[in-house]
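Visitor: I am new to this structure and would like to learn how to read it. Please take me through it one feature at a time.

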Amino acid sequence: MVNVLFVCLGNICRSPTAHAVFAHKVAQRKLQHIIKVDSVGTAAYHINKPPDKRSQQVGKERGYELGHLSARQICASDFLHFDYILAMDNANLSHLRQNCPNEHLLKLELFLRYGGSVEEEVPDPYYGGEDGFQHVLDLVENAADGLLEEIIKQRRLS
Ligand code: 4NP
């Protein structure tokens, strides 16, 4: 089993988008019994809330369903359970580094490390317009493809 966790601040915009997109791609490759996906926020603001309506809407337009997801906050056992812990931005990554046991630090990475663009971070779209949510989806779709190929290669799943 390979366990993948996406992390942002609120777990209502970026990480649930990555969660839904990556799970969709995993299912397309029929790997859903081997690769498990989840997402969390570093903050507690939105616990138990569904994803932001704008993330749900732009996701739906491209065929991704987010409505069943609900926000939770990272907890200590996540650092043990997950194999890949992927932060959307550097603030998320430093929060994770401060809370992660030393022996699991290598699991922490910026998600866009797996993307093909020069951008390092998925920008927080929360206080902006719809174009910000579209941009999140562009970045996430791209990095999700790279991540899936990398996991398939590393774990010899093909
Ligand atoms: P996310 O976006 O980290 O992508 O879920 C945010 C959601 C809520 C807030 C900030 C970012 N907030 O400040 O409430």
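Predicted model: local features only at pLDDT ≥ 70, side-chain atom pairs only at ≥ 80, totals over all residues.

Visitor: Which backbone atom of Ile 12 lies 3.0 Å from an oxygen atom of the ligand?

Guide: A polar contact is a pair of N or O atoms within 3.5 Å. For Ile 12, a backbone N or O atom lies 3.0 Å from a ligand oxygen. Tyr 127 uses its side chain, with a polar atom 3.4 Å from an oxygen atom of the ligand. The protein buries 93% of the 360 Å² that the ligand exposes when taken alone.

Visitor: Where does the ligand sit, and which residues surround the ligand?

Guide: The ligand sits in the largest pocket. Among the residues around the ligand are Cys 8, Gly 10, Asn 11, Arg 14, His 46 and Asp 124. Sorted by class, this shell has seven nonpolar, three polar and two charged residues.

Visitor: What span should helix H5 have, and how far apart are its end C-alpha atoms?

Guide: The expected span is 1.5 Å times one less than the number of residues. Helix H5 has 25 residues, 130-154, so it should span 36 Å; its end C-alpha atoms are 36 Å apart, which agrees. Just after H5, Arg 156 has a positive phi of about 50°.

How values were computed. Residues numbered from 1 in each chain as written. Heavy atoms only, no water. Near = heavy atom within 4 Å. Polar contact = N/O pair within 3.5 Å; in protein donor to acceptor, adjacent residues only side chain to side chain. Areas by Shrake-Rupley, 256 points an atom, 1.4 Å probe, with all protein chains shown as cover. 1 Å grid on protein atoms, 1.4 Å probe; cavity = no way out; pocket = protein on both sides within 12 Å on 5 of 7 lines; lining within 4 Å. Sits in = over half its atoms within 2 Å of the grid points. Nonpolar A, V, L, I, M, F, W, Y, C, P; charged D, E, K, R; others polar. Helix = DSSP H or I, 4+ residues; strand = E, 2+ residues; numbered from the N terminus.
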